[in-house]
Amino acid sequence: MSSSKTTKEAAIRQLRQITNATQPDAQRLLKANGYRIEAAVDAFYADDAAMSNAAKAAGGGLKGEKESKEKLGKLFDQYKEGWRTLDGADTVAKQKQVLPKLREELERDAEVRGALASEGKGGLFARVYDWVYAYARDEGQKSLKLDTAVAFWRLLLPISPSYAREGSSGRFTSRQLDLWEKYLTNETGGRAISKDTWTLFLDFTKEIDADFKEHDFDAAWPSVIDDFVTWALDQPKSDAMDTS
């Protein structure tokens, strides 16, 4: 299987984990958005047909669709309230003006503004990252399913302060993220991700060098991270998402 095909299939799985989109809708939305997860997620929530198809698939017909719409409605109410407390962005036009600033604050892990400033610890990105674990976890489960964790890592890490991109001082690379996904998928039996692993992996991305040579095996990392580094050191530099 080619690396390109494998990457596209991984993107489809990730989009479906995040949105519950059907396979055909996930393929369509990703193809239309250059297989960029973030853009495809936005497109999904702007596509009534795709959301309706997802609701029917999840809940079995009209009842499932109604329940999904009610859940989405409650989430949207929270979304609107959040915008109102942040720069008074209570219209789409105002939100468009605020978005570039919000993204910049997220990328540099700026201090949290608005009503939530006094709640919790850490900067904006750190709090969003921490919040996602509980949000994405299935109800009643203590751990996060691997596919779901990978989907959100793919969505979040490229905009984290520790990610290597233009204008960033971060060192964690796209190749390292590919290797992390490959290791978890192929070498751990698809084991679910614990809260400890989720939390400390973000710290790991801040400290690891591109060649994995500076990793401190004596530090208190989860064993899955130590084992990943040992495995990654044996991988050729060209190796990433090709899982054939």
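1. A residue counts as buried when its relative accessible area is under 20%. By that cut-off Phe204 and Trp221 are both buried. The model is a predicted one.

2. Since Phe204 belongs to helix 10 (residues 195-207) and Trp221 to the loop between helix 10 and helix 11 (223-232), the contact ties together parts that are 17 residues apart in sequence.

3. The structure has twelve salt bridges. One of them joins Glu181 and Arg13, at 3.9 Å from N to O. This pair links distant parts of the chain, with Glu181 in helix 9 (residues 174-187) and Arg13 in helix 1 (residues 3-19), 168 residues apart. Glu181 is buried, at 5% relative accessible area, whereas Arg13 is partly exposed, at 39%.

4. A salt bridge also connects Asp178 and Arg154, with their closest N and O atoms 2.6 Å apart. Asp178 sits in helix 9 and Arg154 in helix 8 (residues 146-156), 24 residues apart. Asp178 is buried, at 15% relative accessibility. Arg13, Arg154, Asp178 and Glu181 are linked in a network of salt bridges.

5. Helix 6 (residues 92-107) has 16 residues and should span 22 Å at 1.5 Å a residue; its end C-alpha atoms are 22 Å apart, in agreement. Asp109, which follows helix 6, has a positive phi, near 55°.

Conventions
Residues numbered from 1 in each chain as written. Predicted model: local features only at pLDDT ≥ 70, side-chain atom pairs only at ≥ 80, totals over all residues. Heavy atoms only, no water. Helix = DSSP H or I, 4+ residues; strand = E, 2+ residues; numbered from the N terminus. Expected span 1.5 Å × (residues − 1). Buried < 20%, exposed > 50% of the residue type's maximum accessible area, 1.4 Å probe, protein only. Salt bridge = Lys/Arg side-chain N within 4 Å of Asp/Glu carboxyl O.
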